[in-house]
Amino acid sequence: MSNLSERIMTHDVEEDESINLKEIFNKLLDKWAWFVCSILLCLIIAFIYTRYTPPVYQINAKLLVNDDDKGGSLGKQAGALMDLGGLMGAKNSVDNEVEILKTRFLMEQVVRKMQLNITYSRKTDFVSRELYNAPFKINILKGIDTIKATKLDVVKLASNRLRISTRDFEKTIKWNEEFAVNGIGIISIEPTPFGMEENKEYFTLINSIDERVAALMNQLSVGVSNKQVSIIDLGLSYALPQKGEDILNTLIKQYTDANLSDKNAIADSTYKFIKERLNVIATELGDVENQEEDFKQQNRLADMSEQGKLLVQNTGEFSGELAKAETQVTILTDLENYIKDETKNKRVFPSSLLPSDMVFSGLMNQYNALLIERDRQLLSVTEESPFIQNIDAQILGLRKGILANIQSTKNSYVQTRNKLRNQLSKAEGQISGVPRVEKNYLKLARNKGIKQELYIFLMQKAEETAISKTSNISVAKTIDPPKSQVIPISPKKKIVYLAGLIAGFIFPIGLIFAQGLFNTTISTKEDILSLTRVPVIGEISHNTSADNLIVANHSRSAISEQFRALRTNLSFYLKSKNEKVILLTSSMSGEGKSFTAINLGNILALAGKKVLLMELDLRKPGLSAKLDVRNDIGFSNYTISPGLTLDDIIKPLSINKNMFIISSGPLPPNPAETLMSEHTAVLIAKLKEEFDYIIMDAPPIGIITDAQLLANYADVTLYLVRQKVTQKQQLSIVDHLYRTGKMKNIGIVVNDILSKYYGYGYGYGTYGNVEEQSRLKKLLSKFKSS
């Protein structure tokens with residue numbers, strides 16, 4: 001029979017596994033009220049969020065960058081003027097400009113210029129809304145080193161006075177009155193043309209520059225959507241569309257101004273160098289002209305002879321070439337001294353004076369670009385920064401390359417100059433008869449011509465530099481000015497409501513499964529089937545009344561029908577007439593053994609069977625008390641007094657004429673030994689002859705072993721499990737008894753079921769209705785035949 005029960009139970013488990021999803025659905029459906037409340041609550045929260053959260057708008061702009069690699073046309077349009085003197089810096093790329101637009105320094109300039117670290121707001125519809133055109137302006141006259149985020153409440157009072165308050169500060173002031181605020185410094189408030197209403201509360205949040213820059217950097221996006229073109233996409237998310245547009249406009253202006261400033265720095269450095277050299281050359285030229293005038297006066301040289309004119313004519317070409325060579329040698333010498341000057345190591349190199357040399361031009365452009373980048377980075381980092389030290393190492397390497405190129409070019413011009421001097425000396429030697437005075441005069445005149453050539457060259461370069469500076473344009477221009485979108489990007493109502501709806505479903509599901517995860521007691525039939533192979537042969541629902549005699553007093557109730565189902569299921573276990581003893585036990589006290597014993601006995605008695613209840617919990621008896629039966633004599637008396645007869649200890653019950661009870665009797669000092677008495681077996685044998693069913697109410701087997709001592713007399717054992725009381729781990733006890741065979745024909749009866757969807761068959765027991773009884777009979781027939 002035990003093997004048969006196991007096979008039936010295994011078949012049931014297989015069926016239960018096939019309806020897992022259904023049981024999960026039923027479990028969720030059981031908490032439908034949770035879902036309704038959760039969804040309503042989440043949708044209300046979503047509504048409040050969309051109603052009172054300030055909308056955020058997206059402001060977009062586009063810049064066209066002059067990128068030679070990607071076809072930018074700005075540099076080509078201005079190429080003629082830009083190439084005068086080679087004043088353009090290193091070539092620009094879109095990627096470089098994107099990184100520049102992302103720099104913190106650029107945003108810091110915008111914050112300082114627009115005073116964005118001070119925001120004004122006013123309470124509207126229970127929330128504060130930022131104002132762009134505030135009715136007053138706060139001026140920080142003397143701020144502290146690190147401004148702490150401080151919120152000022154400003155209220156206009158009568159007589160043009162203001163009440164200023166913070167958490168720990170309150171003061172009444174006049175317009176433009178200076179006052180100190182902790183965490184900020186000395187400030188004043190001045191009115192603006194927009195007007196301020198009296199007794200209306202305004203708020204001002206003052207942050208440090210760094211905090212505000214960091215916040216705006218997170219709201220700024222810079223990127224290139226198409227790598228094939230040189231267009232940069234700028235985006236800024238902000239609550240006020242107009243203010244966001246102004247911030248982006250200011251950012252673009254600061255960027256273009258910085259770009260022009262970088263280019264103008266090269267022109268300014270070149271112009272300054274030229275002016276310094278012009279002053280020196282002008283002095284030298286004046287000295288040479290004075291020497292020539294003095295020579296002519298001292299030697300009374302009014303006109304040259306024919307030989308002198310011939311000498312000038314023959315040497316004129318050599319003199320012109322020599323003047324140009326001397327000019328280049330002088331310029332290169334000055335540039336060599338300039339780059340060797342330690343005091344000018346970090347100054348931009350004057351590029352327009354250099355000869356046309358592609359290698360040298362590339363070195364110069366890189367050198368100037370690194371110097372400009374170094375100056376820009378020093379605004380936010382120190383010279384000890386690894387980044388600055390890396391730039392310094394690159395600058396040092398480029399300086400060495402530029403110096404080597406200058407020296408190489410200078411040596412070439414020195415050789416040309418020396419060659420021209422030799423050729424000029426030979427030409428002068430070919431003409432004889434020229435007076436020495438005239439020869440000396442010609443040398444002075446030639447020296448004057450060289451100085452004049454150099455002076456004219458520098459004047460020309462100075463004009464070219466001035467022209468190129470005026471022709472400088474930014475590397476980028478705005479092709480799509482900042483414009484806010486009409487529809488805010490946040491909050492998106494549809495998404496928020498959808499999220500609220502989803503959250504309304506998720507929260508209850510999470511709570512239900514968390515409840516099951518942390519619940520250590522038996523809640524569902526699935527809990528039992530997953531922890532033990534012992535079959536469930538009865539299910540008793542929760543008794544809402546205090547009456548223990550449910551079957552006797554409410555014979556048509558659902559609980560009574562469940563006991564009828566249990567009676568039917570027991571008939572499959574107790575097949576022969578000699579199988580009469582039913583043992584009731586549990587894991588611990590309070591799981592309903594006595595309640596089940598009384599009502600099971602009553603339902604058997606209603607079928608015309610003679611039923612005996614035996615109160616064998618000799619440690620904590622409760623059955624006799626529930627039936628209002630005296631317990632002065634009972635089982636314990638019989639075991640120690642052989643003279644007692646069955647009639648002495650068997651007492652009839654008033655609830656049914658077919659029901660009788662043997663109470664526990666006085667509590668013995670040794671309950672286990674009392675149950676092991678030799679008289680117990682004799683008593684059970686006699687009782688089986690007189691009664692149709694004997695129901696033993698035994699102690700909990702999870703605490704003491706008394707129930708195991710009585711198992712030898714039992715034909716079927718009902719193990720009581722109470723929903724929400726019995727611990728899941730306690731099912732290991734009954735599972736162990738089942739697998740080891742210590743108790744034969746053991747089955748579980750679930751008591752005090754509260755949940756509607758505990759398991760199928762609620763209200764009439766697991767196998768109580770016609771369909772379930774039919775199914776069980778078919779299974780029994782099938783297994784018997786096999």
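L498, L501, I502, F505, I506 and F507 make a nonpolar surface patch of about 560 Å². The model is predicted.

**Surface patch**
- One of the patch residues, L498, belongs to helix α14, which spans residues 493–518.

**Nonpolar cores**
- The largest nonpolar core holds 41 residues, and the members touching the most others are M614, I650, L687 and I748.
- In soluble globular proteins, nonpolar side chains tend to be buried together.

**Helix α25**
- Helix α25 covers residues 731–740, and its buried residues are L731, V734, D735, L737 and Y738.
- These buried residues fall within an arc of 160° when viewed down the axis of α25, so they line one face of the helix.
- An α-helix has 3.6 residues a turn, so residues three or four places apart point the same way.
- G741 follows α25 and has a positive phi, near 75°.

**R567 and its contacts**
- R567 is located in helix α17, residues 558–571.
- With 25% relative accessibility, R567 counts as partly exposed.
- Beyond its neighbours within four places in sequence, R567 is in contact with I603, L604 and A607.
- The C-alpha atoms of R567 and I603 are 7.4 Å apart, while the two residues are 36 residues apart in sequence.

Key
Residues numbered from 1 in each chain as written. Predicted model: local features only at pLDDT ≥ 70, side-chain atom pairs only at ≥ 80, totals over all residues. Heavy atoms only, no water. Core = buried A, V, L, I, M, F, W, Y, C linked by side-chain atoms within 4.5 Å. Buried < 20%, exposed > 50% of the residue type's maximum accessible area, 1.4 Å probe, protein only. Helix = DSSP H or I, 4+ residues; strand = E, 2+ residues; numbered from the N terminus. Arc of directions from axis to C-beta. Patch = residues over 30% accessible without salt bridge, like charges linked within 9 Å, V, L, I, M, F, W, Y side chains within 5 Å. Areas by Shrake-Rupley, 256 points an atom, 1.4 Å probe, with all protein chains shown as cover. Salt bridge = Lys/Arg side-chain N within 4 Å of Asp/Glu carboxyl O. Contact = heavy atoms within 4.5 Å.
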